[in-house]
Amino acid sequence: MVSKLAVLTSGGDAPGMNAAIQSVVKVAASRGVEAIGILDGFDGLIDRQFRPLTKRIDDGSLLLDSDLDTMASLGGTFLGSARSPRFHHVEHRQAALDFLAGEGVDGVVVIGGNGSMAGAHALAVQGDVNVAGIPASIDNDIGLTREALGVDTALNTIVEACDRISDTARSHHRAFIVEVMGRDSGYLAMASAVATAADAVLLPEHDRTFDEVIDAVAGCIRTSFSSARGKRRILIIKAEGVDIPTHLLVNEVEAELSDLDVDIRGTVLGHLVRGGNSSFRDRLLAGRFGLVVVEALLAEKTDVMAGWNLVEVGEPTSDSYIRLFPIASVLEQTAALLDGSSEITMDRVRRMEAIQGVLAL
Ligand code: F6P
């Protein structure tokens, strides 16, 4: 039986992480289990940096740190986050395990992206502490979950930014190329292109050459701005993983279209997309993930991650939309997502190809 939990956030922060911390601690406390928060991800485990998030009072019940309520709606993570190269090394993981044992911690919740799940897996394999993961990354590139925490908020932010850009684009009869984050995954670009009725989308999954990208963008602008169509705005969403700097893309396309009188601008949304208060959907998902992973740890499960809405696979939980998966399988599926061999990636590319013509209308 787990008696004390540690929770940490790792990798790039994502909206919903704070709500997930709150959920984990509340569920733990409701079952009489104390919780501590590890500061700055796996680095905090190695360096013994933590803060108690519950306090046992005289009657034996647990009080929650009042910061949990204040922070739950905010973006980022109030525990801090980091990418920890040290955690790749066995001796640093051993230092972390020694620290956890010394504090009487026998369950760890890791909230983060695919690198964080790899860290969670390594910790679970090396030590006798139970470890459970909550997927959180705006990139939506984690295997065995349809959606990770932060994706919904990030998409809402992108849609709002593109609506604003569209206002000014229409006023000046301009074409905009808007770059969105996502590392090697085109998910944010793809989903936001549909939601903003963009004219085209550039995805790393398409694997186009430099010249093919220039031709696609120039072709889209030439056709869309033809006098017959009378369009006043062109919006092209470019995923960060398409390895051409946005300003270079703008310059190359302008050169290609030098026969036209066309104004093209580029905007890189960057980290703007990663911040901000979490959306309703991310908060709800955070609450549900928190419940399921604490229940898993209390049931002595380890090396598992909660996944959303893949109900035909994985181990059932008390939530009919959330299943548990071995983290090793999550990591395998994550690799397949990114190298294009996963059915989910192929499906995304197929769906994008199916609507390519629709986007350009
Ligand atoms: O993984 C989340 C993410 O925001 C990616 O979309 C992006 O490529 C990367 O992190 C940026 O990392 P950093 O904040 O270290 O610049």
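Q: What volume does the largest cavity of this predicted model have?
A: The largest cavity has a volume that was computed from the model, and the structure as a whole holds 1 cavity of 30 Å³ or more. The volume of this largest cavity comes to about 40 Å³.

Q: Which helix gives the largest share of the lining of the largest cavity?
A: The lining of this cavity consists of Gly186, Tyr187, Met190, Leu203, Glu205, Thr345, Arg348 and Val349, which by class are 4 nonpolar, 2 polar and 2 charged residues. The largest share, 3 residues, comes from helix H12.

Q: Which pocket holds the space taken by the ligand?
A: The shell around the ligand is made up of Arg83, Ile138, Asp139, Met181, Gly182, Arg183, Glu240, His271 and Arg274. When these shell residues are sorted by class, they divide into 2 nonpolar, 2 polar and 5 charged. The space that the ligand takes is the largest pocket.

Q: Which helix gives the most to the lining of the largest pocket?
A: The largest pocket has a volume of about 540 Å³, and of the 28 residues that line this pocket, the closest to its centre are Gly11, Arg83, Asn114, Gly115 and Arg183. By class, the lining is made of 9 nonpolar, 11 polar and 8 charged residues. The helix that gives the most, with 6 residues, spans residues 114–126 and is helix H5.

Q: How many residues of the lining of the second largest pocket come from H12?
A: The second largest pocket has a volume of about 400 Å³, and 22 residues line it, of which the closest to its centre are Thr145, Arg146, Leu310, Ile344 and Arg348. The elements that give two or more residues to this lining are helix H7 (187–195), helix H11 (327–339) and helix H12 (343–359). The largest share comes from H12, and the number of residues in that share is 5.

Q: How many charged residues does the lining of the second largest pocket have?
A: Among the residues closest to the centre of this pocket are Arg146 and Arg348, and arginine is counted as charged in the classes used here. Sorting the whole lining by class gives 9 nonpolar and 6 polar residues, and the number of charged residues is 7.

Notes. Residues numbered from 1 in each chain as written. Predicted model: local features only at pLDDT ≥ 70, side-chain atom pairs only at ≥ 80, totals over all residues. Heavy atoms only, no water. Near = heavy atom within 4 Å. 1 Å grid on protein atoms, 1.4 Å probe; cavity = no way out; pocket = protein on both sides within 12 Å on 5 of 7 lines; lining within 4 Å. Sits in = over half its atoms within 2 Å of the grid points. Points joined across faces, edges and corners; volume = space filled by probe spheres on them. Helix = DSSP H or I, 4+ residues; strand = E, 2+ residues; numbered from the N terminus.
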